[in-house]
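Subject: Structure handover

Hello,

Here is the structure for you to take over. Please open it alongside the notes below.

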Amino acid sequence: MIILVVGSGGREHALAWALSRSDDHSLICAPGNPGIAEIAELFPVKVSDTDGLVDLAASEKVDLVVVGPEVPLVAGLADALRREGIPCFGPGADGAQLEGSKWFAKEIMNSAGVPTARCKVFTDTSSAMKYMGEDAKGFVIKADGLAAGKGVFLPDESDEARSILDSLFGGRFGESGQRVVIEERLEGREVSILAICSGEECVLLPPSRDHKRLGDGDTGPNTGGMGAICPPPETGSCAGEHARTRIILPVLSELASRGIDYRGVLYAGLMITDDGPKVLEFNVRFADPETQAVLPMIENDLADLLYAAARGGSLPGEVSFKEGYCACVVMASGGYPGAYEKGFPITGLDTIRDAIVFHAGTATDNEKLVTGGGRVLSVIALGSSPDDALDRTYRELEKINFKRKYYRRDIGRTV
């Protein structure tokens with residue numbers, strides 16, 4: 001197959017890497033990054049250019065399009081591709097509202113009987129503050145729309161909650177923050193589930209655990225993700241048949257009852273509470289950086305699985321996964337998720353022997369690799385135990401250098 005991967009981050013590099021492991025496929029990517037350029041031909045088409053991506057897929061006679069980021073899915077890229085007869089792994093704009101609107105996702109969960117936190121939606125600070133009362137620490141504040149993974153806030157006190165709400169309603173995320181979902185804050189262990197979906201069928205990939213907070217000990221602001229472990233220790237049975245039958249399948253059935261044919265990956269962020277697993281959020285694309293930790297565990301030809309889902313066909317009954325564990329640690333630019341500098345030379349990648357490195361925020365300057373974003377690289381290693389995988393990852397990571405590099409030192413060792 002000729003496969004087009006849409007996107008330019010660490011997730012897309014991981015997808016391209018996994019899809020390229022079979023010699024039966026050739027890859028192109030738009031717009032890609034320097035790491036992806038080593039395994040795929042790049043085309044300078046932006047992820048926001050729906051017409052340009054459809055034209056590219058048609059002109060290159062692409063057999064399958066795999067969409068990485070959520071923005072083009074919410075904008076209807078999958079619909080436009082399917083109208084031209086091009087299979088796309090990714091939901092249409094209707095199904096993509098599971099991520100495009102947190103309130104829509106809550107409505108679907110409640111209708112499907114999926115356990116989740118209690119919540120209400122607000123359009124002004126005063127009403128939201130009245131709902132939370134004096135105990136802001138018991139709530140989570142979420143921008144209703146897309147916010148690049150940075151629209152979730154966990155206030156410690158009322159003044160902080162008020163400041164967050166004022167910034168959201170004041171335009172921090174544009175239209176995405178004009179409606180805000182306030183929900184009860186759940187306590188427990190977080191688990192990420194990735195399900196490959198075709199209509200009302202699904203296949204679950206191995207579970208993982210993301211680490212969103214910037215600092216060690218889960219401190220500091222939320223980020224796009226600082227690392228992941230697959231599978232996470234102490235997940236119990238929630239990541240297997242329970243997640244499939246109590247969460248994913250009921251949601252797919254509810255979508256189907258509304259005429260939504262969901263073809264793509266469905267990400268469920270779960271909190272394992274004392275009352276059992278509850279859904280924190282849904283995403284309609286491969287999560288980042290969980291994808292970097294999950295895909296190296298798959299032994300099947302990933303392209304065959306995604307192609308079957310993209311066409312709305314039956315999914316294979318058996319998908320094989322490696323034994324052991326996979327760890328991912330993100331190397332970020334100092335200052336992220338706030339302001340940071342770019343253009344620092346990256347060295348040491350040629351010394352990596354026992355890990356995989358996926359590019360995220362990298363660029364080239366006079367043929368030299370330099371930093372080009374907040375999250376710069378994802379370093380991944382496999383091991384026989386969580387500690388083995390993490391030790392390998394951190395050992396190899398130390399060989400890579402760039403000015404003001406930053407990474408957490410406790411990935412996989414917190415819940």
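The notes go from the whole chain to single residues.

This is a predicted model: local features need pLDDT of at least 70, side-chain atom pairs count only at pLDDT 80 or more, and totals for chains, interfaces and linings use all residues. Residues are numbered from 1 along each chain as its sequence is written, and side-chain values use heavy atoms, with hydrogens and water left out.

Overall picture

The chain has 12 helices and 23 strands. Both are DSSP runs numbered from the N terminus: helices are H or I with at least four residues, strands are E with at least two. The radius of gyration is 20 Å, close to the 22 Å of the globule rule for 415 residues, so the chain is as compact as a globular protein of that length. That radius is taken over C-alpha atoms, and the rule is 2.2 Å times the number of residues to the power 0.38. The C-alpha trace spans about 55 × 50 × 40 Å along its principal axes.

Of the 415 residues, 58% are buried. Buried means under 20% relative accessible area, exposed over 50%, and partly exposed in between (1.4 Å probe, protein chains only). The chain exposes about 16500 Å², with 45% of it supplied by carbon and sulfur atoms. Areas come from the Shrake-Rupley method with a 1.4 Å probe.

Contact means heavy atoms within 4.5 Å. Among contacts between residues at least 6 apart in sequence, 67% join residues at least 24 apart.

There are 43 positive and 60 negative charges, and their mean positions are 3 Å apart. Lys and Arg count as positive, Asp and Glu as negative; His and the chain ends are not counted. Each charge is placed at NZ of Lys, CZ of Arg, CG of Asp or CD of Glu.

Aromatic pairs

Rings of Phe, Tyr and Trp (its six-membered ring) pair if their centres lie within 6.5 Å; planes under 30 degrees apart are stacked, over 60 edge-to-face, and the rest tilted. The count is 6 aromatic pairs. Trp-17 and Phe-358 make an edge-to-face pair, 5.7 Å centre to centre with 65° between the planes. This pair links distant parts of the chain: Trp-17 sits in helix α1 (residues 10–19) and Phe-358 in strand β19 (residues 356–359), 341 residues apart. Phe-358 is buried, at 1% relative accessible area.

Phe-89 and Phe-286 have ring centres 5.9 Å apart and planes at 35°, so they form a tilted pair. They too lie in distant parts of the chain, 197 residues apart: Phe-89 in strand β5 (residues 88–89), Phe-286 in the loop between β17 (276–283) and α10 (290–294). Phe-89 is buried at 1% relative accessibility. Phe-286 is buried as well, with a relative accessible area of 1%.

Phe-122, Tyr-131 and Phe-139 form one aromatic cluster.

In helix α5 (residues 93–100), the buried residues are Gly-95, Ala-96, Leu-98, Glu-99 and Gly-100. They pack against α3 (71–74), α6 (102–112), α9 (241–257), β16 (263–273) and β17.

Ser-208 lies in the loop between β11 (201–204) and β12 (209–210). Ser-208 is buried, at 0% relative accessibility. Leaving aside residues up to four places away in sequence, Ser-208 touches Val-191, Ser-192, Ile-229, Cys-230, Pro-232, Glu-290 and Val-294.

Gly-174 is in the loop between α8 (158–169) and β9 (180–184). Gly-174 is partly exposed, at 31% relative accessible area. Its C-alpha atom is separated by 9.1 Å from that of Ala-147, 27 residues apart along the chain.

Best regards
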